[in-house]
Structure formats: C-alpha cells, structure tokens
Amino acid sequence: MQTSLSEHTRYHIYNRRYLLGDGALRIQSYLNHCQDYQSNYDDARKETFMAEMKDKITKGDVVLEDELKTMIHLVKTDEDVKCV
C-alpha cells in the first residue's frame, strides 16, 4: 500500500521533533556549570566526595538531589561515569 504525501510528511515531522539543537538543549550552559563545579573541587576533594558517594550507594543510603547533581557535574572520565 502506498502512503500519501501527508502521511509521509507527518512521519518525518514526528521523528524530527526530538532532534533538538544545542540552543534548545542549552549544552553550553551545562558545560559552564560543569566547569564551575569542577573549579571548586581539586583532585583530592573530588576523590573524597566520590568515595563518600560510592560508600553511600554501596550501603544503600539515600543520595540527596544536590549530591547527585554534584556527582553528575564532576564527571570527566569513564571511571567517573561508572561511579554515578
């Protein structure tokens, strides 16, 4: 069965609505936040924080929203991603 042009067009519009540009996603703003967080944490403080969070997760303790945001903003490497 052949699809009409309007069905074809609706299909493409439906699929494209999820393709957002950098401006809509505000990626640069996110990267700036990450840099701000990372500038407040030297390597020793970051390691201590990540170790505390890993310990919390292992014990099954509650991770607070601000702690989770900090963890996400401090991620730099694949190893950091595994911790989060």
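1. Residues are numbered from 1 along each chain as its sequence is written, and side-chain values use heavy atoms, with hydrogens and water left out. Because the model is predicted, local features need pLDDT of at least 70 and side-chain atom pairs count only at pLDDT 80 or more, while totals for chains, interfaces and linings use all residues.

2. The axes (lines fitted to C-alpha atoms, for helices over the stretch in contact, with angles from 0 to 180 degrees between N-to-C directions) of helix 3 (residues 27–39) and helix 5 come within 8 Å and cross at roughly 100 degrees. Helices here are DSSP runs of H or I with at least four residues, numbered from the N terminus. Helix 3 and helix 5 are therefore roughly perpendicular to each other, a term that covers 65 to 115 degrees, whereas angles under 35 count as roughly parallel, over 145 as roughly antiparallel and the rest as oblique.

3. In contact, meaning heavy atoms within 4.5 Å, are Tyr30, His33, Cys34, Tyr37 and Gln38 of helix 3 and Thr70, Ile72, His73 and Leu74 of helix 5.

4. Helix 4 (residues 43–59) and helix 5 (residues 65–74) have axes that come within 11 Å and cross at roughly 125 degrees, and the two are therefore oblique to each other. Helix 4 contributes Lys46, Phe49, Met50, Met53, Lys56 and Ile57 to the contact, and helix 5 contributes Glu67, Thr70, Met71 and Leu74.

5. The charged end of Arg45 sits over the ring of Tyr41, 4.1 Å from its centre; the rule asks for NZ of Lys or CZ of Arg within 6 Å of the ring centre and within 35 degrees of the ring normal.
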